[in-house]
Amino acid sequence: MMKLVGFRPPLLSFVRRAFISSSALKWEGGVSMVQGASRGIGLEFVRQLLEGNENGHVIATCRNPSGATGLHDLKKKFLDRLRILPLDITKENTIEAAATSVREHYGSLNLLINASGVLSIPDVLEPERTLSKLEKSSLLLAYEVNAVGPILVIKHMWPLLKLGGGSGTKREFAIVASLSARVGSIGDNGLGGWHSYRASKAALNQLTKTISVEFTHKKDPIACVLLHPGTVDTDLSQPFQRNVPENKLFTKEFSVQKLLNIIDNAKSSDNGKFFAWDGQEIPW
């Protein structure tokens with residue numbers, strides 16, 4: 001039989017960076033994906049995940065990668081461990097394409113963070129202070145971005161999370177962490193207002209809780225948690241910071257550090273729970 005000297009099949013080159021179990025490729029340090037990573041909390045998640053785990057790989061997604069200067073700065077520093085992909089949560093075909101890319105390059109996922117969200121857009125969407133200001137278009141836009149999009153991301157990343165579980169990490173299961181908000185709690189709503197935003201986050205909570213029940217029934221090695229980051233000094237909160245006490249306006253660095261601590265210490269029994277940045281459980 002003729003031998004091809006110096007030939008290495010593409011698969012072998014791929015496997016050099018990973019080791020294989022009977023069910024999936026397992027990457028040392030794990031593979032994390034941050035959806036909504038171009039700026040703010042999402043970008044900070046990417047930075048801390050890369051800096052806090054010298055072996056971990058991170059996939060960062062956003063609508064317009066070419067304009068994500070913060071991600072490209074990180075790419076220069078973490079060339080081999082950061083992959084940037086386009087993903088628009090209002091377009092399911094881009095979610096499917098991202099899932100295909102992750103599957104082809106990594107084979108599995110261990111952590112999915114849904115960090116995207118919308119509160120206001122000048123001349124398009126503003127938090128309502130009264131019922132008379134409520135518009136159908138605002139409700140639908142908030143619901144699409146804050147609830148539908150993140151859930152579709154979970155749907156398409158689900159097979160990858162099942163394959164990944166906790167492999168390559170210190171956990172025994174994969175984690176889906178979606179950024180919600182305390183104002184999405186029905187039980188905690190004593191002020192009213194912000195109808196579209198509140199309702200969209202409440203929908204995200206209910207959908208995630210429902211998914212967590214399914215994961216339990218199917219014995220999938222995945223836990224879903226919802227996280228309230230507090231009021232963080234980002235573009236999203238900037239127009240609404242005037243009445244926030246100084247000690248309650250957090251930096252991105254502080255909030256993400258607290259949220260990652262919750263993720264890193266999550267137990268399987270936390271599946272389907274809603275936590276504030278300080279680890280306290282929030283009522284539905």
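Colleague: In which helix does Lys155 lie?

Modeller: Lys155 lies in helix 5, which covers residues 136–164. Please bear in mind throughout that this is a predicted model.

Colleague: Why is Lys155 called partly exposed?

Modeller: The relative accessibility of Lys155 is 47%. Buried requires a value under 20% and exposed a value over 50%, so Lys155, at 47%, counts as partly exposed. In space, the C-alpha atoms of Lys155 and Ile211 are 9.2 Å apart, although 56 residues separate the two in sequence.

Colleague: What makes helix 5 and helix 6 roughly parallel?

Modeller: Helix 5 and helix 6 pack at an angle of about 20 degrees, and their axes are 8 Å apart. An angle under 35 degrees counts as roughly parallel, and therefore these two helices are roughly parallel to each other. Helix 5 passes helix 6 in a right-handed crossing.

Colleague: Is Arg198 to be called buried or exposed, and why?

Modeller: Arg198 has a relative accessibility of 13%. The limit for buried is under 20%, so Arg198 counts as buried. Arg198 is placed in helix 6, residues 195–217. Its C-alpha atom is separated by 9.7 Å from that of Ser180, 18 residues away along the chain.

Colleague: Where are Trp194 and Lys219 placed, and what makes their exposure terms apply?

Modeller: Trp194 is in the loop between strand 7 (174–179) and helix 6, and Lys219 is in the loop between helix 6 and strand 8 (222–228). At 24%, Trp194 lies between the limits of 20% and 50%, so Trp194 counts as partly exposed. Lys219 has a relative accessible area of 74%, which is over 50%, and is therefore exposed.

Colleague: Why is the pair of Trp27 and Tyr106 called edge-to-face?

Modeller: The structure holds seven aromatic pairs. The ring centres of Trp27 and Tyr106 are 5.4 Å apart, which is within the 6.5 Å limit for a pair. Their planes stand at 65 degrees, and a value over 60 counts as edge-to-face, so the pair takes that term. The pair links distant parts of the chain, 79 residues apart: Trp27 is in the loop between strand 2 (25–26) and strand 3 (31–35), and Tyr106 is in the loop between helix 4 (92–105) and strand 6 (111–114). Both residues, Trp27 and Tyr106, are buried.

Colleague: What makes the pair of Phe250 and Phe254 tilted?

Modeller: The centres of Phe250 and Phe254 are 5.0 Å apart, with 50 degrees between the planes. Stacked needs under 30 degrees and edge-to-face over 60, so 50 degrees gives tilted. Phe250, Phe254 and Trp277 form one aromatic cluster. Phe250 is buried at 8% relative accessible area, whereas Phe254 is partly exposed at 30%.

Colleague: How do you know that the charged end of Lys162 sits over the ring of Trp158?

Modeller: The charged end of Lys162 is 4.8 Å from the centre of the Trp158 ring and sits over that ring. The distance limit is within 6 Å.

Colleague: How many disulfides does the structure hold, and are Cys62 and Cys224 buried or exposed?

Modeller: The structure holds zero disulfides. Cys62 has a relative accessible area of 5% and Cys224 one of 0%. Because buried means under 20%, Cys62 is buried, and Cys224 is buried.

Terms used
Residues are numbered from 1 along each chain as its sequence is written. This is a predicted model: local features need pLDDT of at least 70, side-chain atom pairs count only at pLDDT 80 or more; totals for chains, interfaces and linings use all residues. Side-chain values use heavy atoms; hydrogens and water are left out. Rings of Phe, Tyr and Trp (its six-membered ring) pair if their centres lie within 6.5 Å; planes under 30 degrees apart count as stacked, over 60 as edge-to-face and the rest as tilted. Helices (H or I, at least four residues) and strands (E, at least two) are DSSP runs, numbered from the N terminus. Buried means under 20% relative accessible area, exposed over 50%, partly exposed in between (1.4 Å probe, protein chains only). A charge sits over a ring if NZ of Lys or CZ of Arg is within 6 Å of the ring centre and within 35 degrees of the ring normal. A disulfide is a pair of cysteine sulfur atoms within 2.5 Å. Axes are lines fitted to C-alpha atoms, for helices over the stretch in contact, and angles run from 0 to 180 degrees between N-to-C directions. Angles under 35 degrees count as roughly parallel, over 145 as roughly antiparallel, 65 to 115 as roughly perpendicular and the rest as oblique. A crossing is left-handed if the near helix is turned anticlockwise from the far one by less than a right angle, and right-handed if clockwise.
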